[in-house]
Amino acid sequence: MSTAPREEPYAVVLLIEQALTAADAAQVRGLHQELDDDPTIEVQYHVLLPMADAAAAVEASLGVIGGADLIAPPITPSPDEIERLRGEYREQAERDLATTREALVAAGAIIGSVSIVTEPPVDALIAKVKEVDGRESIILTRPHLVAEFFHVDWTSRARRKLGVPVLHLLEHEQS
């Protein structure tokens with residue numbers, strides 16, 4: 001029995017905002033089910049997860065207290081505090097990537113790479129699509145109204161800059 005030689009991998013680049021659930025992974029895999037039936041095609045997933053920026057998070061949380069600036073001078077976080085937060089964010093991102101990898105593999109996916117990104121998410125997506133000769137990209141964001149408002153921009157910016165299909169999915173709610 002002869003088998004046809006495999007083509008280059010069909011690379012799909014995922015830009016995610018948080019760990020994928022089993023349902024999210026199944027949804028992503030379902031998009032490529034017809035390709036799985038072709039023995040000459042291997043679908044590989046490359047996952048990008050932007051790491052929260054500690055300095056921006058501290059700044060945003062201080063902004064919530066904004067009115068306090070009128071009463072007392074603003075509190076500036078120390079470099080040590082920002083560094084501690086960066087470490088916490090990196091650990092969380094590593095856990096989220098491990099969970100995502102497990103969910104995708106359990107759904108039958110072949111993982112090409114997983115990466116934490118610190119540069120602007122769309123720039124990282126564009127670079128990865130070029131690096132792996134991506135055939136398509138998928139952006140998964142939280143189903144929160146405010147997050148949706150801000151992250152639709154990821155999809156529109158990626159569509160303008162990439163020459164591959166860009167699909168925007170909403171991650172499932174955690175039960």
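1. Basis of the values. Because the model is predicted, local features need pLDDT of at least 70 and side-chain atom pairs count only at pLDDT 80 or more, whereas totals for chains, interfaces and linings use all residues. Residues are numbered from 1 along each chain as its sequence is written, and side-chain values use heavy atoms, with hydrogens and water left out.

2. Strand pairing. Helices (H or I, at least four residues) and strands (E, at least two) are taken as DSSP runs and numbered from the N terminus, and two strands are said to pair if DSSP finds at least two bridges between them. On that basis strand β1 (residues 10-16) pairs with β4 in the parallel sense over five bridges, and β1 also pairs with β2 in the parallel sense, over six bridges. Within these pairings, V12 has E136 of β4 as its bridge partner, while V13 is bridged to H46 of β2.

3. Buried here means under 20% relative accessible area, exposed over 50%, and partly exposed in between (1.4 Å probe, protein chains only). Strand β4 (residues 136-141) has six of its six residues buried, so it is largely enclosed by the rest of the structure. In a regular strand the side chains alternate between the two faces of the sheet. In β4 both faces are covered, with E136, I138 and L140 buried on one side and S137, I139 and T141 buried on the other. Strand β2 (residues 43-50) is likewise mostly covered, eight of its eight residues being buried; V43, Y45, V47 and L49 make up one covered side, and Q44, H46, L48 and P50 the other.

4. Salt bridges. With a salt bridge defined as a side-chain nitrogen of Lys or Arg within 4 Å of a carboxyl oxygen of Asp or Glu, a search of the whole structure finds five. One of them joins the side chains of D36 and R29 at 2.5 Å, N to O; D36 counts as partly exposed at 32% relative accessibility, whereas R29, at 8%, counts as buried.

5. R84 forms a salt bridge with E88, and their closest N and O atoms are 2.1 Å apart. These two residues are four residues apart in helix α4 (residues 79-106), which means that about one helical turn separates R84 from E88. R84 is partly exposed at a relative accessible area of 41%, and E88 is partly exposed at 38%. A network of salt bridges links E81, R84 and E88.

6. Helix α5. The 12 residues of α5 reach 16 Å from the first C-alpha to the last, close to the 16 Å expected at 1.5 Å a residue, where the expected span is 1.5 Å times one less than the number of residues. The side chains of E131 and K128 meet in a salt bridge (3.4 Å, N to O), and both residues lie in α5 (residues 121-132), three residues apart, about one turn of the helix. E131 is exposed, with a relative accessible area of 58%, but K128 is buried, at 9%. The buried residues of α5 also include P121, V122, A124 and L125. Just after α5, D133 takes a positive phi of about 55°.
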